[in-house]
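Please look over the sequence and the model before reading on. The paragraphs below go from one part to the next.

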Amino acid sequence: MCANDNTVNIKKPAYHHGDLRRVLMAEGMRLLAERDAELLSLREVARAAGVSATSIYRHFPDKGALMAALAREGLARLALAQRAASEAAGGGEAGFAATGRAYVRFALANPALFRLIFASDALGGGAAADCADTEAGAMLRDNALAEAARVGGDGDIRAVRAWALVHGLAMLMLDGRLPHDEALIDRAIG
């Protein structure tokens, strides 16, 4: 050691990023807007957040944990979009149809996030149960039960039919089997 090398006694200031988890989530969402989830790495999210690759592990032990958190955030954003659409349509039957159109439009606007939520293992084996226990799932169930009360029939089957319709339409458009056509979305859903 040379006379001027006293790094042992120099105190480094503590690194503070603020709410790093929130920043990592925001960067993960931003990166999902640019590419598929499979192409996303923890190192890339950390770099985008301006932190070391190891600091991400304080909040997400592995990529699966980050992807699950992003998928849950995506479900929350989907629910917000659907709630806003329903309220704008005045609720009821028109609101129910509006939530379906919002679902398809959300998928088209956020293809990688949508696929992360519904076409990946991010939410684990119980993905359908996880989705049903969200605000978006509750909204679907409540609207289907209300419609069944109005016109008769099984509310649970109405919920499955409605979800199958909007999810199928979204996937057909995402996969290029149908054009991204606003008029088609409006005609097909309510």
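How many aromatic pairs does a search of the whole structure find? The search finds four aromatic pairs. The structure is a predicted model, and every value below is computed from it.

One of these pairs is formed by Tyr103 and Phe118, whose ring centres are 5.7 Å apart. Their planes stand at 45°, so the pair is tilted. Tyr103 belongs to helix α4 (residues 92–109) and Phe118 to helix α5 (residues 111–118), so this pair ties together parts that are 15 residues apart in sequence. Tyr103 has a relative accessibility of 4% and therefore counts as buried. Another pair joins Phe114 to Phe118, with ring centres 4.9 Å apart and planes at 50°, so this pair is tilted. Here both partners lie in helix α5, four residues apart, which is about one turn of the helix. Phe114 is buried, because its relative accessible area of 0% is under the 20% cut-off.

Two packed helices are described by the angle between their axes and the distance between the axes. For α4 and α5, the angle is about 115° and the axes are 5 Å apart. The two helices are therefore roughly perpendicular to each other. On the α4 side, the residues that meet α5 are Tyr103, Phe106, Ala107, Leu108 and Ala109. Their counterparts in α5 are Pro111, Leu113, Phe114, Ile117 and Phe118. By class, this contact of α4 with α5 has 10 nonpolar residues, with no polar and no charged ones.

The view can now widen to the chain. The chain has nine helices and zero strands, and along the sequence the pattern reads α-α-α-α-α-α-α-α-α. Of the 190 residues in the chain, 38% are buried. Among contacts between residues at least 6 apart in sequence, 59% join residues at least 24 apart.

What does the largest nonpolar core contain? This core has 46 residues, and those with the most contacts inside it are Leu66, Leu70, Val104 and Leu116. Two or more residues come from each of α1 (20–32), α2 (42–49), α3 (63–88), α4, α5, α8 (155–174) and α9 (182–188). Helix α3 gives the most to this core, with eight residues.

Leu66 shows what such contacts look like. Leaving aside neighbours within four places in sequence, Leu66 is in contact with Met25, Leu42, Val45, Ile56 and Phe60. Phe60 is placed in the loop between α2 and α3. With a relative accessible area of 1%, Phe60 is buried. Beyond its neighbours within four places in sequence, Phe60 is in contact with Arg21, Leu24, Met25, Ala65, Leu66 and Ala69. Leu24 is 36 residues from Phe60 in sequence, yet their C-alpha atoms are 9.5 Å apart in space.

Arg101 lies in helix α4. Is Arg101 buried or exposed? Its relative accessible area is 16%, and because buried means under 20%, Arg101 is buried. Apart from neighbours within four places in sequence, Arg101 is in contact with Ala94, Ile185, Asp186, Ile189 and Gly190.

Ala148 is found in helix α7 (residues 135–151). At 9% relative accessibility, Ala148 counts as buried. Not counting residues up to four places away in sequence, Ala148 touches Gly153, Asp154, Gly155 and Arg158.

Definitions and conventions. Residues are numbered from 1 along each chain as its sequence is written. This is a predicted model: local features need pLDDT of at least 70, side-chain atom pairs count only at pLDDT 80 or more; totals for chains, interfaces and linings use all residues. Side-chain values use heavy atoms; hydrogens and water are left out. Buried means under 20% relative accessible area, exposed over 50%, partly exposed in between (1.4 Å probe, protein chains only). Contact means heavy atoms within 4.5 Å. Rings of Phe, Tyr and Trp (its six-membered ring) pair if their centres lie within 6.5 Å; planes under 30 degrees apart count as stacked, over 60 as edge-to-face and the rest as tilted. Axes are lines fitted to C-alpha atoms, for helices over the stretch in contact, and angles run from 0 to 180 degrees between N-to-C directions. Angles under 35 degrees count as roughly parallel, over 145 as roughly antiparallel, 65 to 115 as roughly perpendicular and the rest as oblique. Ala, Val, Leu, Ile, Met, Phe, Trp, Tyr, Cys and Pro count as nonpolar, Asp, Glu, Lys and Arg as charged, and the others, Gly among them, as polar. A nonpolar core is a set of buried Ala, Val, Leu, Ile, Met, Phe, Trp, Tyr and Cys residues joined through side-chain atoms within 4.5 Å.
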